[in-house]
Amino acid sequence: MSVKSIGIVGCGAIGRALLKAADAGKLSVPVAGVTSRSEKSAREFLATLRKPPPYLDLAKLIEESDLVIEAAGGRVVADLAAKVFAAGKDLMVISVGALLDHPEIIAAARERGRRLFIPSGAIAGLDGVKSASAGEVSSVTITTRKPPQGLDGAPYLAERGICLADLKEEREVFSGTAREACRGFPANVNVTAAVSLAGIGPDKTRVRIFAVPGLQRNCHDVEVEGDFGRLAVHIENVPSENPRTGKLTALSIIRSIQDAVDTVRIGT
């Protein structure tokens, strides 16, 4: 169960943040390799590091790694999980929304005795949500506010011809379940998927998404009601170089990797 090396699948904003952290000595486990659908740009980035890990094809990366980190988008998750588990390795999924459409991944991890890590990402309070769900929970609501550019390209908006370019005031662009939100905004609401998996599920968790012109941060409010009482969490994340992703996401993944290595665990 020990993690002696990690492999990173994807070299976008998240993958690069992890590689920079490793290069700065902020990870206590070596990076065995990196792979990406864009080999040229990945190699160019690796060349900027002091001690770059090797660029490997996927099969070799899985072979060389104890823990594979998915940072390549939801479309790769199902196939990647099958290959990682078949090789007897563990997996960390960053594109958490993909797990809602592929619950068999969670089942396969349990059947094969492999560890499947789901970081908190850009959200806080998952420990509280998990603890509350050990009892009776009546409702979980997530309200997300982002600058319009942070929602660009969302399928839900494109399908409905919703343009946010000239937005002058706050506008609610979505209200529905966590499952619907993850399908409609796959690059924006991995926090929603994480909260729903920790709590009462994707079909009972309610989500509202607002576009707010001039907003400088990605904001999330989580409210949970149950027999324990009421839990409310407010988060304001500074966007990373990718406006859809907050800086806290990469920090959460770094800490999750540390927790996978450390024998001491704080929190649930």
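The structure is a predicted model, so local features were kept only at pLDDT of at least 70 and side-chain atom pairs only at pLDDT 80 or more, while totals for chains, interfaces and linings use all residues. Residues are numbered from 1 along each chain as its sequence is written, and side-chain values use heavy atoms, with hydrogens and water left out.

Along the principal axes, the C-alpha atoms take up a box of roughly 45 × 45 × 30 Å. The radius of gyration is 18 Å, which agrees with the value near 18 Å for a compact globule of 268 residues; the radius is taken over C-alpha atoms, and the globule rule is 2.2 Å times the number of residues to the power 0.38. Some 48% of the 268 residues count as buried, meaning under 20% relative accessible area with a 1.4 Å probe and protein chains only. As for contacts (heavy atoms within 4.5 Å), 70% of those between residues at least 6 apart in sequence join residues at least 24 apart.

Two helix pairs were then looked at through their axes, which are lines fitted to C-alpha atoms over the stretch in contact, with angles from 0 to 180 degrees between N-to-C directions. The axes of H1 (residues 13–23) and H2 (residues 39–46) come within 11 Å and cross at roughly 25 degrees. That makes H1 roughly parallel to H2, the label for angles under 35 degrees. Here Arg16, Leu19 and Lys20 of H1 meet Ser41, Phe45 and Leu46 of H2. Sorted by class, this contact has three nonpolar, one polar and two charged residues; Ala, Val, Leu, Ile, Met, Phe, Trp, Tyr, Cys and Pro count as nonpolar, Asp, Glu, Lys and Arg as charged, and the others, Gly among them, as polar.

In the other pair, the axes of H4 (residues 77–86) and H6 (residues 104–112) come within 10 Å and cross at roughly 5 degrees, so H4 and H6 are also roughly parallel to each other. Val77, Ala78, Ala81, Phe85 and Ala86 of H4 make this contact with Ile105, Ala108, Ala109 and Arg112 of H6. By class, that is eight nonpolar, no polar and one charged residues.

Finally, serine 196 sits in helix H10 (residues 190–198). Serine 196 is buried, with a relative accessible area of 1%. Leaving aside residues up to four places away in sequence, serine 196 touches Leu100, Ala178, Gly201, Pro202 and Thr205.

Definitions and conventions: Helix = DSSP H or I, 4+ residues; strand = E, 2+ residues; numbered from the N terminus. Parallel < 35°, antiparallel > 145°, perpendicular 65-115°, else oblique. Buried < 20%, exposed > 50% of the residue type's maximum accessible area, 1.4 Å probe, protein only.
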